[in-house]
Every structure is written in structure tokens, then in C-alpha cells.
Amino acid sequence: MFDIVPKSTFSDTWSPLSVFRDLDSVFKTSSSIHFSEEDDYTVVECDLPGIEKDQVKIVFNSEKGYVTVEAENKSEKNKRKYRYRFNVDPDDIDSSVDPQLELKNGVLTIKFRKSERRKREDKKERVLRVE
């Protein structure tokens with residue numbers, strides 16, 4: 001009914017992602033996304049090491065507020081795929097202005113201009129310090 005596999009063989013070759021061998025290398029890489037704010041902008045930084053500008057595709061749906069960043073390097077030496085998806089509140093950004101994009105040193109920076117409503121709310125916030 002069951003095949004018996006010696007323990008050493010099983011533990012040496014089995015991976016929880018072995019079913020998805022192509023995806024295994026994607027999950028083993030560490031890539032990240034960072035969110036921050038400036039006075040007039042909401043800033044998103046995506047790590048895309050080894051990627052050039054012409055290899056990046058960005059889809060921004062201003063009505064629903066989602067952003068998808070896809071990048072793929074198909075070179076024989078350095079095959080990599082990245083996919084980030086995140087949401088921005090459509091009420092918090094000025095959708096009449098396209099986001100500013102910059103790819104520098106393997107980091108894609110996306111700056112969304114804040115809406116006037118969001119800027120007013122930011123002025124109402126206070127930073128509290130623990131003493």
C-alpha cells in the first residue's frame with residue numbers, strides 16, 4: 001500500500017516546495033518591499049536586483065487602488081522573476097497625477113502624490129514620544 005523510503009533519502013531530497021520545482025528558487029530568494037511617507041508623497045520601494053528598466057511592467061488601477069509590479073530577467077546567467085502586488089487607498093492619493101518612477105541600483109521607487117484630504121489628515125496627526 002505504501003512505499004517505504006529510507007529516512008536519509010527522504011530528508012535529503014524532499015522539500016515542501018518540491019511539487020513546485022520552478023517556484024522553489026523564487027521562494028528561496030529574499031526580496032522585499034518597503035513603504036514610507038514624505039510630506040507630499042507616499043513612497044513604495046521594491047527590491048529588483050539584476051533588473052533593467054525595460055524588464056519592468058507596472059500596472060496601476062487608480063479606481064481600485066491596486067498596483068502590480070512584475071519584472072523578469074531572462075538572461076542565461078541570471079534568471080530572476082519578481083512580482084509584487086499591493087494596495088493604496090484611492091482616497092489617499094492624487095490620481096490625476098501619474099506616480100513618479102525610478103529604478104536605481106536594483107531598487108524601484110514609486111512615489112504617489114498625496115491627495116489634499118490626506119495631507120490635511122497628516123497635519124492633524126501628532127507623534128508621541130515615550131519618556
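Author: A pair to begin with is Gln100, which stands opposite Lys111 in strand 7. This is a predicted model, where local features need pLDDT of at least 70 and side-chain atom pairs pLDDT 80 or more, while totals for chains, interfaces and linings use all residues. Residues are numbered from 1 along each chain as its sequence is written, and side-chain values use heavy atoms, without hydrogens and water.

Reader: How many bridges pair strand 6 and strand 7, and in which sense?

Author: Strands are DSSP runs of E with at least two residues, numbered from the N terminus, and two of them pair if DSSP finds at least two bridges between them. Strand 6 and strand 7 are joined in the antiparallel sense, and the number of bridges is five.

Reader: Which residue in the hairpin of strand 6 and strand 7 takes a positive phi?

Author: Two residues lie between the strands of this hairpin. The positive phi, near 50 degrees, belongs to Asn105.

Reader: Which strands stand at the edges of the open sheet?

Author: The open sheet has four strands in the order 1-2-7-6, paired antiparallel. Each edge strand has a single partner, so one side of it is left without a neighbour in the sheet; these are strand 1 (33-37) and strand 6 (100-104).

Reader: Which residue in strand 2 stands opposite Glu37?

Author: Strand 1 and strand 2 run antiparallel and are joined by five bridges. Opposite Glu37 stands Thr42.

Reader: With which residues is Phe86 in contact, leaving aside neighbours within four places in sequence?

Author: Contact means heavy atoms within 4.5 Å. For Phe86 the partners are Ile33, Phe35, Val44, Gly65, Tyr66, Val67, Val69, Ile110 and Phe112.
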